[in-house]
Amino acid sequence: MLSLNQKKHIYITSVNLINFSGKNMIKIILSFFFIISPTLSYSHSQLTEILPRENVVYSKTPPEIKLKFRSEVKLVKIDLNNINEKNQKLKLNLDSLNKRSKEFVIPMPKISSGKYNILWRALSPDGHIIKGKSEFEVK
Ligand SMILES: [Cu+2]
């Protein structure tokens, strides 16, 4: 038979063991998270910049459409639509777009004042499709 004191001691020791392994588990989980989080956030190649800027009203037509990504992507689709003309698609010169790149520059076609949106779709290096929509206005 264990005395009450011995039982108490065993109890405290096992509580300490649980706490200890609990803290270690948290450390292990946290370090695992920190190791994998950069790969998680960089696996998709996000768009880092788009011109014309989203929701900006321009007094002069911007000379080009520019898309910048965090890593090299393949641009699968880019459309410029005139919102005021029932989303009429404008013809773009897509000559430089067949190669993987971090940056794509497309000359702006002649456009009248109005609201436009840019719809794009790209293939990320990890094989995922990423896409976006950005609106701007020319006054
Ligand atoms: Cu991805």
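This is a predicted model: local features need pLDDT of at least 70, side-chain atom pairs count only at pLDDT 80 or more; totals for chains, interfaces and linings use all residues.
## Strand 3 and its partners

Two strands count as paired here if DSSP finds at least two bridges between them. Strand 1, residues 47–51, pairs with strand 3 in the antiparallel sense, over four bridges. Within this pairing you can find Leu 47 standing opposite Phe 69 of strand 3.

Strand 3 and strand 5 also run antiparallel, joined by six bridges; here Leu 67 faces Phe 104 of strand 5 as its opposite number. With strand 6, strand 3 forms eight bridges, again in the antiparallel sense. Asp 79 has Leu 119 of strand 6 as its bridge partner.

Three bridges pair strand 3 with strand 4 (residues 88–90) in the antiparallel sense. Asn 82 stands opposite Gln 88 in strand 4.

## The largest nonpolar core

Now for the largest nonpolar core, which has 13 residues; Leu 75, Trp 120 and Ala 122 touch the most other members. At least two residues of this core come from each of strand 3 (64–82), strand 5 (101–107) and strand 6 (114–123). Strand 3 gives the largest share, six residues.

Trp 120 is worth a click in the viewer. Setting aside neighbours within four places in sequence, Trp 120 is in contact with Leu 67, Leu 75, Lys 77, Ile 78, Lys 131 and Gly 132.

Conventions: Residues are numbered from 1 along each chain as its sequence is written. A nonpolar core is a set of buried Ala, Val, Leu, Ile, Met, Phe, Trp, Tyr and Cys residues joined through C-beta atoms within 7 Å. A residue is buried if 20 or more other C-beta atoms lie within 10 Å of its own, exposed if 12 or fewer, and partly exposed in between; C-beta atoms are placed from the backbone. Two residues are in contact if their C-beta atoms, placed from the backbone, lie within 7 Å.
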